[in-house]
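Visitor: I like to see the cut-off behind every label. Can we go through the labels one by one?

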Amino acid sequence: MIPRIQKRGQRAIGLLYYLYGPGKYEEHTDPHLVASWDNNAPDPGRDTSATLKQLQQLLDQPVDALDAAERPKKHVWHLSVRNAAEDRILTDEEWGEVARRMVIAAGIDDFRQGPGCRWAAVRHADDHIHIVATLVREDGYKPDLDHDAARVQAQARALEVELGLRRLNKGDGTAAKRPTSAERHKAERQSRERTAREELRETVRRAVAGAQSEEEFFDRLAAAGLLIRKRAAPSGDLLGYKVALPDDRNKDDEPVFYPGARLAPDLSLPRIRERWSADARDQVAEPVGPSVPAGPSGPAAARRRTASAAWQAAIAVEQGEDTVAAAHIAAAGEVLDALAKTSAAYTRHELQEAAFAFERASRSHVRAARGHDRALRQAARDLVYSGPALGRGEDGATTAMAIDTLFFLITAAVHWHAKNGHAQQAAAARQAAEHLRAAYQAAAAQPLGALYQRGRRLGHPLVQRQTAVLREALPELAERILAEPGWYTLAATLADAEAAGRDLPNLLADAAGRRELDTAESVSDVLVWRLRLTGDLPADSSDMVSNTPRTDQATRRTGQQAPQRSGSRHGRS
């Protein structure tokens, strides 16, 4: 249940005409009263002898009784209360009780405080009502409406439980402003998937991702095709900015501009500047993560750096101070934006949806300690400037590696928000994780499938040796891993690590010790990416032949032919 207090108005009759009329898009059906201040107000919707003018005059009567100088300039209070699409349809009696509970909670008509204001609740659809009230009480005093928005939200949470409706998470005032109904209808008319406000928010967030200066930020906005207006002080100092879509125009054919702060609280210019405020002298040293193998810089190298930074960030979110965790969580949003922007088509949609969902999780009342997020923000910058990734080879495999580690970072954000009572943020991060899961499955199918085939072809002595190493290094997890279909992908990775001269017991123990693995759907898959990251092994093994001589030798020694069997799909971490 979503209650929303609209802007106060000056004319009750105008609002009543709208509520009882057909609506802007003929969406109003059977408008009628479900409750009123005295349960006896005239209903122009069901009573043919009643008129809108009569209802308006009765509502305005306490206001008109005051001297003109004492009347509030904007005396019309308007609250809409809407249920979720999947909720059951409430009866008129139930909506009437909702209305009465809401006006009491807001302070409009609380019988415990004496005579209240006059109000009427109009229903013109199955899923919502509108409450109109005039802000002068029967005794001539004005109602106490301090914190009325918070009070009606609290009442909505209680009503959801009592009426068996979808239970929404309690907010903390840090969410981005929702699109208005007018903006939604406009988007539908223009066949837009999202409203102009939402499109602009996504575009600005992508422009911020990894940016290091105002000049770079505004250049990115311009390159994205946005119209930009800057607000400067008389001194010439920049104070703020507004953006608009070129084809989003008002009735006068003028572009509709949105200030950054109206898109999201952290997109105001002062809040964006906080990301750049720490100069080289003040920046905090980040832990050194796994290195990126030597070679040409490009999308694959950027994705390996992203995986490394996300790995360290997940540890910081789980074990660090709240202000440090908040910084990493905010920067994780930048990384998701950058990864979605530069990934191949087969993962792009799910990554965009993950970034869109995580936007709500990137902010809370815990103020981020900027500087600690430097590695993640640099990873976002690397992703943007490394260019688009291919959907195959090392680009595709490192995309799966990056998504895998980001999944654990976002999961850590879910737990952190839940621990701190940030219900909306935890739910948003959980939704983002589901989109990452889908993106991972698309990205990992080819590289893990190639590893699986190679693992099935390994010689029996080599597999026996790796099994012994696994049982020695991870005694508590070994039997579970050996029973997983993904064991063969891990076996191929261990063969590559051994051929590269890595210390397998230490490499395995380090990879498993970085984070708990009990909740992973496939421990093998998780270890594959961790070993390839920390062991500086190529993410894509389709062209690797490093372990072929060892396999051939093992085959010659045993006189057996390696089995040729196809693999099955494996679980996700």
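Predicted model: local features only at pLDDT ≥ 70, side-chain atom pairs only at ≥ 80, totals over all residues.

Visitor: What makes arginine 530 count as lying over the face of phenylalanine 408?

Guide: Arginine 530 is 5.3 Å from the ring centre of phenylalanine 408, and the distance limit is 6 Å. Arginine 194 gets the label too, at 3.7 Å from the ring centre of phenylalanine 356.

Visitor: How many aromatic pairs does a search of the whole structure find?

Guide: Five. Rings of Phe, Tyr and Trp (its six-membered ring) pair if their centres lie within 6.5 Å; planes under 30 degrees apart are stacked, over 60 edge-to-face, and the rest tilted.

Visitor: Why is the pair of phenylalanine 407 and phenylalanine 408 called what it is?

Guide: Their centres are 5.9 Å apart and their planes stand at 85°, so the pair is edge-to-face. That angle is over the 60 degrees required.

Visitor: Are phenylalanine 407 and phenylalanine 408 buried or exposed?

Guide: Buried means under 20% relative accessible area, exposed over 50%, and partly exposed in between (1.4 Å probe, protein chains only). Phenylalanine 407 comes out at 7% and phenylalanine 408 at 7%, so both are buried.

Visitor: And what kind of pair do tyrosine 452 and tyrosine 488 make?

Guide: With centres 5.7 Å apart and planes at 75°, that pair is edge-to-face. Tyrosine 452 sits in helix α15 (423-456) and tyrosine 488 in helix α18 (487-499), so the pair ties together parts 36 residues apart in sequence. Helices (H or I, at least four residues) and strands (E, at least two) are DSSP runs, numbered from the N terminus. Tyrosine 452 is buried at 8%, whereas tyrosine 488, at 23%, falls in the partly exposed range. Elsewhere, Phe217, Phe218 and Tyr241 form one aromatic cluster.

Visitor: Where is histidine 147 found, and why does histidine 147 get its accessibility label?

Guide: Histidine 147 is in the loop between β5 (128-137) and α4 (148-163). Its 65% is over the 50% line, so histidine 147 is exposed. Its phi is near 60°, positive in a residue other than glycine. Serine 191, in the loop between α5 (181-189) and α6 (196-208), also has a positive phi of about 60° without being a glycine. At 67%, serine 191 is exposed.

Visitor: How do you know that threonine 342 makes a polar contact with arginine 303?

Guide: A polar contact is a pair of N or O atoms within 3.5 Å; within protein, one must be able to donate a hydrogen and the other to accept it, and residues adjacent in sequence count only if both atoms are side-chain atoms. The side chains of threonine 342 and arginine 303 come to 3.1 Å, inside that limit. Threonine 342's side chain also reaches the backbone oxygen of alanine 338 at 2.9 Å. Threonine 342 lies in helix α11 (322-342) and, at 4%, is buried.

Visitor: Why is strand β4 described as largely enclosed?

Guide: Seven of the seven residues of β4 (117-123) are buried, so the rest of the structure largely encloses it. Two strands pair if DSSP finds at least two bridges between them. β2 (32-36) and β4 have four bridges, and β4 and β5 have six, so both pairs qualify. Both pairings are antiparallel. Arginine 123 of β4 partners histidine 32 and stands opposite isoleucine 129 in β5.

Visitor: What makes a nonpolar core, and which residues touch the most other members of the largest one?

Guide: It is a set of buried Ala, Val, Leu, Ile, Met, Phe, Trp, Tyr and Cys residues joined through side-chain atoms within 4.5 Å. In the largest, with 88 residues, Phe358 and Leu527 touch the most other members. Helix α14 (393-419) gives the most to this core, with 13 residues. A second, separate core of 43 residues includes Leu52, Ala121, Val132 and Leu165.

Key: Residues numbered from 1 in each chain as written. Heavy atoms only, no water. Lys NZ or Arg CZ within 6 Å of the ring centre and 35° of its normal.
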